[in-house]
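Good morning, everyone. Please look at the model on the screen. I will start with a pair of helices and then turn to aromatic rings.

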Amino acid sequence: MKHRFLPFWQYGNNREQAEREFLCSLSILCKHYDLPIPETVNGSFPQHIYLTQQVLSDQIKGIDNKLSCIIAKDDKHIATLATVKRYDTGMTLYYIPVRPLWHWLQGSQSQPLAELLLCMFAYLEQVVRVPFYTEQDSYLASQYETLEQWVNDDQEDEPYRQKQLDEFYVMQNAGLKIYAQIIDPQRLADFESVVQNFQCNESWLNEWRDVAMEFLQLYKRYPERSIFDHIHSDLLYPQDEDRIYADQYISFYWSGNDCFQDCLFDMIDNHFQEIAYMDEPAHVQLFDYTPENTIPDFDFETRLFELMDKLSRLLNKYDHEQCEPAI
């Protein structure tokens, strides 16, 4: 379910509607959480709206320190109180390495595994909307571009510089070829049949089949759900322009075990450590009516982040300059 919420900052010429909405949602929220109506509500407009929201925010935090209370605005509301609960991503980089897949695509014996991975990647790219590092507007594309410029400007260690340039060449060309395959709708259409027909001829292939089956189950349960559907940018901290966006900490990338891994992660760490806020999936509960259930449903997010982490860990085990094990 895609929905865009905005913070309440400007009520335009709809003062009466804004005040009416706010007072109505105030009554519903206070009744739901068994809270007294704050005395600040008797002040002058619009200050009393902001002051009352601040009092409620502190009271809500006392009930659940992971809950935030905001005044939300969307296509149908001007000033409705809402609670927001964020899914904790653990300040983790969900970067999925592509290089192992590229190696497996080169071997005839490893084609079944490569096909399985292409289907998982297709689901993540086409449905979940995980950005790919060769997409020009992706965060990691800009990071790799900066790294390549640094390497081109380096005139000191020529042999190592040439090794890095060679790696950039392979990374870019391999990435373009893989990206062309995972954006093909047929890959997604074949997902279930590829999983069902995958043969585990060796024991180490079982874990690949298992993670693919879990991704397939998630896709069938949420066939159109993207990781960005429940990320409401600028809702909690609208006055802060700097934030870590989801497409910056979730992405496909080339490798975490290549000749420029240290520089890449140093760049990312230096960028992120200066930013206080991070966009994460959130459950927004509007109080324009009495809710039946205010418990957030993060089933999709929980399963997805766990699976992306599991997939990344598996790929990292085989992220070498040469494809291993020999298959």
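First, helix α4, residues 111-126, and helix α12, residues 299-317. They pack at an angle of about 140°, with axes 13 Å apart. This is a predicted model: local features need pLDDT of at least 70, side-chain atom pairs count only at pLDDT 80 or more, and totals for chains, interfaces and linings use all residues. Residues are numbered from 1 along each chain as its sequence is written, and side-chain values use heavy atoms, with hydrogens and water left out.

Helices here are DSSP runs of H or I, at least four residues, numbered from the N terminus. Axes are lines fitted to C-alpha atoms over the stretch in contact, and angles run from 0 to 180 degrees between N-to-C directions.

So α4 and α12 are oblique to each other. Oblique is what remains after under 35 degrees (roughly parallel), over 145 (roughly antiparallel) and 65 to 115 (roughly perpendicular).

Who touches whom? From α4 come Leu117, Met120, Phe121, Tyr123 and Leu124. They meet Phe300, Leu304, Met308, Leu311 and Leu315 in α12. Contact means heavy atoms within 4.5 Å.

Now the rings. Phe, Tyr and Trp rings (six-membered for Trp) pair if their centres lie within 6.5 Å; planes under 30 degrees apart are stacked, over 60 edge-to-face, the rest tilted. The count comes to 25 aromatic pairs. Take Trp104 and Trp204: centres 6.5 Å apart, planes at 35°, so the pair is tilted. Both Trp104 and Trp204 are buried, meaning under 20% relative accessible area with a 1.4 Å probe, protein chains only.

Conventions. Helices (H or I, at least four residues) and strands (E, at least two) are DSSP runs, numbered from the N terminus. Buried means under 20% relative accessible area, exposed over 50%, partly exposed in between (1.4 Å probe, protein chains only).
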